[in-house]
Amino acid sequence: MRLVWTIIFALATGAAFAASPEDDYIAARDKAISAIAAMESANEPVETLDAAGTKALADLEKRLSDILGPLAVAGFPATGTINIESLSDSDIGFGMLDGLRYAKSDDGPSLVATTRGLLERWLKSRAAEMDASFRLPADIDAALKLDAFYTQAINSDAAFTGTLDFPLKKPEGADIALARLGGWAQDIGPNPDQQVIVTIVKGNSVMIASAPAAPPVPKIAACDAVWASADAAAQKFQEAYQASDLKDQTAYDAGNAAWEKGDADYRACMGEHLPGEPVFPALLAQAQELADHMAGK
């Protein structure tokens, strides 16, 4: 009898400590990253590196598909492609959120799906970043409120800047529901390409959707004037910098500071005035519909 209980205990202990599919995915991802780093150190040909990266990403995509299963959100395909764009830390697209991206086209709505566990692991790694400019809080609620989260998690070649947060009604069953208006750009200043960003955390499921604002966000004269004033001030500082044969660092820094403040003031102005514009109810409805669909309605 003692032998029977010993065997049962051993089996139970082994099951308790068996690696989860998420553990297996992380191990496979890190192994691939290390292998590609070693190949780069050995100066392997670019073609060899590309082939290894493509093969590893395909394997990781399959693992994520098994973890997540088919997507069932209206307006998005059932199958997705891996969100990570590269496994080389020297490439753009390295270190993005572990998950799958679902989209019918390159310029339409897209959705990135992952699990709470994978998101928590990803945020933990970002919280430990040595470079403070890349550091994010480990807490999901806190991270989702930051522009830097969307910049690092779901886009590889531009920075996200938020315009406002929508007063979203949390769908039934959702643990977290957040909707934001903002855009990705490689420069500061007015960005007409505004996106409605909706994040839903429900149980172990995490989804982040991005869709072009419909209708488009209009220009607001008062806010355009805020930016124009800041831009004019910044241009004067830049002219002084140019006149100094690029030696007047104070003028250079002042110009950049004027642009950055003007950008922040412009977006604050938009956030204040946009809710009073005729298009706002439609934008809010777009965000709410996305949230409801993502939550299973």
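Modeller: Helices here are DSSP runs of H or I with at least four residues, strands are runs of E with at least two, and both are numbered from the N terminus. The model is predicted, so local features need pLDDT of at least 70 and side-chain atom pairs count only at pLDDT 80 or more, while totals for chains, interfaces and linings use all residues. Residues are numbered from 1 along each chain as its sequence is written, and side-chain values use heavy atoms, with hydrogens and water left out.

Colleague: How many helices and strands does the protein have?

Modeller: The C-alpha trace of the protein spans about 85 × 50 × 35 Å along its principal axes. The count for the protein is nine helices and seven strands.

Colleague: What percentage of the residues in the protein is buried?

Modeller: Buried means under 20% relative accessible area, exposed means over 50%, and partly exposed lies in between (1.4 Å probe, protein chains only). The protein has 297 residues, and the buried share of them is 40%.

Colleague: Is Asn43 buried or exposed?

Modeller: Asn43 sits in the loop between α2 (21-41) and α3 (46-68). Its phi is near 60°, a positive value in a residue other than glycine. Because the relative accessibility of Asn43 is 67%, Asn43 counts as exposed.

Colleague: Where is Leu246?

Modeller: Leu246 has a phi near 65°, which is positive although the residue is not glycine. Leu246 counts as partly exposed because its relative accessibility is 48%. Its place is in the loop between α7 and α8.

Colleague: Which residue does a cis peptide bond join to Ala214?

Modeller: The residue in question is found in the loop between β7 (205-212) and α7. Omega of the cis bond is about 5°, and the partner of Ala214 is Pro215.

Colleague: Which residue is joined to Cys223 by a disulfide?

Modeller: A disulfide is a covalent bond between the sulfur atoms of two cysteines. The rule used takes a pair of cysteine sulfur atoms within 2.5 Å, and by this rule the count comes to one disulfide. The S to S distance is 2.2 Å, and the partner of Cys223 is Cys269.

Colleague: How many residues apart are Cys223 and Cys269?

Modeller: The link of Cys223 and Cys269 is left-handed, with -80° about the S-S bond. It connects distant parts of the chain, Cys223 being in helix α7 (residues 221-243) and Cys269 in helix α8 (residues 249-273), and the separation is 46 residues.

Colleague: Are Cys223 and Cys269 buried or exposed?

Modeller: The S atoms of Cys223 and Cys269 are 2.2 Å apart. Both cysteines are buried.

Colleague: How many salt bridges does the structure hold?

Modeller: A salt bridge is a side-chain nitrogen of Lys or Arg within 4 Å of a carboxyl oxygen of Asp or Glu. The number of salt bridges in the structure is 10.

Colleague: Which residue forms a salt bridge with Arg29 at 2.8 Å?

Modeller: Arg29 is in helix α2 and its partner is in the loop between β1 and β2, 69 residues apart. Arg29 is buried because its relative accessible area is 17%. The closest N and O atoms are 2.8 Å apart, and the partner is Asp98.

Colleague: Which residues are linked in a network of salt bridges with Asp30?

Modeller: One of them, Asp98, counts as buried because its relative accessibility is 2%. The residues linked with Asp30 are Arg29 and Asp98.

Colleague: Which residue meets Arg180 in a salt bridge?

Modeller: Arg180 lies in strand β5 (residues 176-185) and its partner in helix α6 (residues 147-154), so the bridge ties together parts that are 33 residues apart in sequence. Arg180 counts as buried because its relative accessibility is 8%. The N to O distance is 3.0 Å, and the partner is Asp147.

Colleague: What separates Asp263 and Arg267 in helix α8?

Modeller: The side chains of Asp263 and Arg267 meet in a salt bridge (3.2 Å, N to O), and both residues are buried. Because they are four residues apart in helix α8, the separation is about one helical turn.

Colleague: Which residues form a negative surface patch?

Modeller: Patch members have over 30% relative accessible area and no salt bridge; like charges are joined within 9 Å, and nonpolar side chains (Val, Leu, Ile, Met, Phe, Trp, Tyr) within 5 Å. Areas come from the Shrake-Rupley method with a 1.4 Å probe, only the protein chains shown counting as cover for residues. Lys and Arg count as positive and Asp and Glu as negative, with His and the chain ends not counted, and each charge is placed at NZ of Lys, CZ of Arg, CG of Asp or CD of Glu. The members of the negative patch are Glu47, Asp50, Asp89 and Asp91.

Colleague: Where does Asp91 lie?

Modeller: Asp91 counts as partly exposed because its relative accessibility is 42%. Its place is the loop between β1 (81-82) and β2 (100-103).
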